[in-house]
Amino acid sequence: MSRRRAGAARRVVVGLDGSSHASRVVAYLARWSGRGRAAVVRVVEPVRVPSVALVPAFMRAAVAGLVQADMAARVRTARREVEAAVARLRRAGWRARGTVRIGVPLPELLRSVREERAGMLALGARGAGGAARLLLGSVADGALKRAPVPVLIVR
């Protein structure tokens, strides 16, 4: 393995989603020997405002304010989750840092893998969704299919 690739193998993007499965990923990595760098990423999906074109302006403003407040609360929660994961990994010897992104989870996680030049993506398996995603969850399933690096899935 080349020196550049060996360094990439010790770089991990850890995807969080607020579930207990995601916290298991952090616990699992904290037990690993041969620490490296971890980029802890939490993606918050934007809230889609329903079409309210025929609603009076004061009501549209009220809805927009509620959506904005909800997004701000979700981002604050995500930051706390990321900070806790980063602290746990640092205590275990990892060089860790965290990021909260706004967007669609899978594309944002894959973007993080590219930007970090990571050698692995680590995720929890939620098992949400239809029969095709019964065992893993849509993001974990999509990561297995589309990630340019090995994917560690912890249940």
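Visitor: Among contacts between residues at least 6 apart in sequence, what share joins residues at least 24 apart?

Guide: This is a predicted model. In it, 76% of those contacts join residues at least 24 apart.

Visitor: How many helices and strands does the protein have?

Guide: There are 5 helices and 5 strands. Follow the sequence and the pattern reads α-β-α-β-α-β-α-β-α-β.

Visitor: What share of the residues counts as buried?

Guide: Of 155 residues, 39% count as buried. The protein exposes about 9100 Å². Carbon and sulfur atoms supply 55% of that area.

Visitor: Where do nonpolar side chains tend to be?

Guide: In soluble globular proteins, they tend to be buried together. Here, the largest nonpolar core has 21 residues. Those with the most contacts inside this core include Val-12, Val-14, Leu-16 and Trp-94.

Visitor: Which elements each supply at least two residues of this core?

Guide: Start with the strands: S1 (11-16), S2 (37-44), S4 (120-124) and S5 (151-154) each do. Then come helices H2 (20-30) and H3 (57-91). H2 gives the most, with 5 residues.

Visitor: Next, a helix pair. At roughly what angle do the axes of H4 and H5 cross?

Guide: Look at H4 (residues 105-116) and H5 (residues 138-146). Their axes come within 10 Å and cross at roughly 45 degrees. An angle between 35 and 65 degrees counts as oblique, so H4 and H5 are oblique to each other.

Visitor: Which residues make the contact?

Guide: H4 brings Pro-105, Leu-106, Leu-109 and Leu-110. H5 brings Val-139, Gly-142, Ala-143 and Arg-146.

Visitor: Is the crossing of H4 and H5 left-handed or right-handed?

Guide: The crossing is right-handed.

Visitor: One last residue. Is Glu-108 buried or exposed?

Guide: Glu-108 is found in helix H4. Buried means under 20% relative accessible area. Glu-108 has 12%, so Glu-108 is buried.

Visitor: Which residues does Glu-108 touch, not counting those up to four places away in sequence?

Guide: With those set aside, Glu-108 touches Val-43, Arg-101, Ile-102 and Gly-103.

Methods:
Residues are numbered from 1 along each chain as its sequence is written. This is a predicted model: local features need pLDDT of at least 70, side-chain atom pairs count only at pLDDT 80 or more; totals for chains, interfaces and linings use all residues. Side-chain values use heavy atoms; hydrogens and water are left out. A nonpolar core is a set of buried Ala, Val, Leu, Ile, Met, Phe, Trp, Tyr and Cys residues joined through side-chain atoms within 4.5 Å. Buried means under 20% relative accessible area, exposed over 50%, partly exposed in between (1.4 Å probe, protein chains only). Helices (H or I, at least four residues) and strands (E, at least two) are DSSP runs, numbered from the N terminus. Contact means heavy atoms within 4.5 Å. Accessible areas come from the Shrake-Rupley method with a 1.4 Å probe; for residues, only the protein chains shown count as cover. Axes are lines fitted to C-alpha atoms, for helices over the stretch in contact, and angles run from 0 to 180 degrees between N-to-C directions. Angles under 35 degrees count as roughly parallel, over 145 as roughly antiparallel, 65 to 115 as roughly perpendicular and the rest as oblique. A crossing is left-handed if the near helix is turned anticlockwise from the far one by less than a right angle, and right-handed if clockwise.
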